[in-house]
Amino acid sequence: MNKKSNFKELQSFLILWSSQTVSSLGTAMTEFALIIWVYGQTGNASSVTLLTICSFLPTIVFRFIAGTIADNWDKKHIMLIADLAAACGTLAIFVLYAFSALQTWHIYVINLLLSFMNAFQSPASYVATSLLVPKEHYTRVGGLQAFSGSVISILAPALGSIFLTVGGIPLVLLFDLISFAIAFFSLLIFIKLPTIERKSVERKESFVKSCMTGVIFLRDHAPLLHMVLFFNVINFLAKIGNDGMLSPFVLSRTDHSQNALGMVQTAVSLGILAGSLIVTFTKPVKNKTRVIFIGCAITCFGNVVQSLTHTPLAWSIAAFISYLSAAILNANLDTVMRTHVPIDMQGRVFSAKDTLQNCTIPLGLFLGGILADYVFEPFMTTPSSLQRILGIFFGSGKGAGISVMFFGVGILGSIISITRLRKPIYKDLN
């Protein structure tokens with residue numbers, strides 16, 4: 001199939017994807033600016049942590065309900081309403097700031113509202129993509145979405161800093177509102193989603209039962225459920241490892257060098273960018289589960305490499321390779337889910353999958369901090385026979401304890417991933 005034919009088949013998706021990418025960039029720049037503003041107002045890290053919690057919790061809590069609504073209601077209308085709510089939140093901050101009335105609790109409340117709306121936006125957008133894209137392009141589309149995410153993660157802090165310097169928070173918020181307008185009117189005018197014919201049995205189904213349909217579907221499709229539970233464990237380990245503890249690791253090992261942290265975080269974004277480009281412009285693989293598990297093993301092993309090295313350059317190389325692999329495996333995982341779940345159920349199944357797969361993330365983040373501060377870091381600073389042996393490999397001083405954590409998580413995650421390759425249950429997903 002030639003490039004011209006590919007473009008014609010993906011034209012509607014590309015309009016939606018590009019306009020939503022611009023809007024997401026504006027949102028990310030606003031988030032960056034508000035984190036700086038909140039920290040400047042309070043001077044403590046807990047205020048920023050609370051901001052993250054407000055942005056995360058409602059999405060998880062309301063995910064099941066949102067998936068049912070996304071399957072039963074008009075997807076385009078849901079996305080338009082969610083976008084409009086996001087714009088109202090940005091406009092409210094703009095007005096409050098303009099009248100010198102903005103307070104930190106205002107931002108917390110607005111973030112709660114936006115997170116609530118995102119619970120509905122995500123499954124609706126997921127189904128909309130499946131409706132607009134032919135099945136043979138699912139992996140390529142997953143690569144494009146990872147590509148835009150990595151570009152945003154690179155550009156948002158840089159552009160946010162420039163806009164803050166030139167015009168302050170009002171200029172950042174103004175750009176966010178303009179980017180919203182581009183996404184809103186592109187969706188409203190240019191995107192027409194195909195209608196999904198729902199089964200008569202589903203039409204009579206109660207709302208409560210419909211909310212559980214996604215979980216029941218996964219239960220009845222063992223290979224998909226096993227895949228979701230596998231990533232439930234991997235996500236937990238990742239948050240104890242470098243996906244959740246990368247900043248404390250780098251800062252503690254480099255005497256709080258922001259340049260070193262920036263270097264490693266840039267390598268993360270570039271790795272995702274490279275991985276997304278690979279899956280976008282190469283032919284989709286046939287054995288997707290093999291790519292998923294090998295990619296996950298490589299990603300986990302990045303923890304091991306970082307734990308045993310002591311320079312920002314080595315950490316950056318490991319981060320680049322790890323997140324390149326993560327981008328490739330995530331694109332293939334997305335393809336597996338889209339291919340094996342009927343479109344008329346994808347909202348509910350996506351929501352169930354997302355909740356089950358990510359519910360261990362808060363526990364991993366919490367446990368990672370506790371283990372680092374109260375177990376591994378104190379142990380590696382207290383002389384003992386075992387501490388001296390471990391010190392040969394992981395060094396001493398601040399960050400050595402987190403290095404030990406990274407090593408353990410990396411080895412465990414790699415072993416779990418490799419052992420999945422021998423499980424015949426996953427063969428049906430290719």
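Before anything else, I wrote down my cut-offs: buried means under 20% relative accessible area, exposed means over 50%, and partly exposed is what lies in between. I also noted that this is a predicted model.

**Entry: Lys239 and Asp243**

I began with a charged pair. The side chains of Lys239 and Asp243 meet in a salt bridge, with N and O 2.8 Å apart. Is Asp243 buried or partly exposed? Asp243 has 35% relative accessibility, so I put it down as partly exposed. Lys239 counts as buried because its relative accessibility is 15%.

**Entry: the other salt bridges**

My search of the whole structure gave five salt bridges. One of them joins Arg63 to Asp354, whose closest N and O atoms are 2.7 Å apart. I liked this pair, since it links distant parts of the chain: Arg63 sits in helix α3 (residues 63-72) and Asp354 in helix α15 (residues 346-358), 291 residues apart. Both Arg63 and Asp354 are buried.

I then looked up Asp334, which forms a salt bridge with Arg338 at 2.8 Å between the closest N and O atoms. Asp334 and Arg338 are both buried. Arg338 has another neighbour to note: it lies over the face of Tyr126, 4.0 Å from the ring centre.

**Entry: aromatic rings**

How many aromatic pairs does a search of the whole structure find? I got 13. Among them, Phe116 and Phe120 are edge-to-face, with 5.1 Å centre to centre and 70° between the planes. Both lie in helix α5 (residues 104-132), four residues apart, about one turn of the helix. Phe116 has 28% relative accessibility and therefore counts as partly exposed, while Phe120, at 11%, counts as buried. Elsewhere I found Phe230, Phe231, Phe293 and Tyr426 together in one aromatic cluster.

**Entry: helix α4**

Last, I followed α4, which covers residues 75-98. Its 24 residues reach 35 Å from first C-alpha to last, close to the 34 Å expected at 1.5 Å a residue. After the helix comes Ser100, whose phi is positive, near 55°.

Technical notes
Residues numbered from 1 in each chain as written. Predicted model: local features only at pLDDT ≥ 70, side-chain atom pairs only at ≥ 80, totals over all residues. Heavy atoms only, no water. Helix = DSSP H or I, 4+ residues; strand = E, 2+ residues; numbered from the N terminus. Expected span 1.5 Å × (residues − 1). Phe/Tyr/Trp six-rings, centres within 6.5 Å; stacked < 30°, edge-to-face > 60°. Buried < 20%, exposed > 50% of the residue type's maximum accessible area, 1.4 Å probe, protein only. Lys NZ or Arg CZ within 6 Å of the ring centre and 35° of its normal. Salt bridge = Lys/Arg side-chain N within 4 Å of Asp/Glu carboxyl O.
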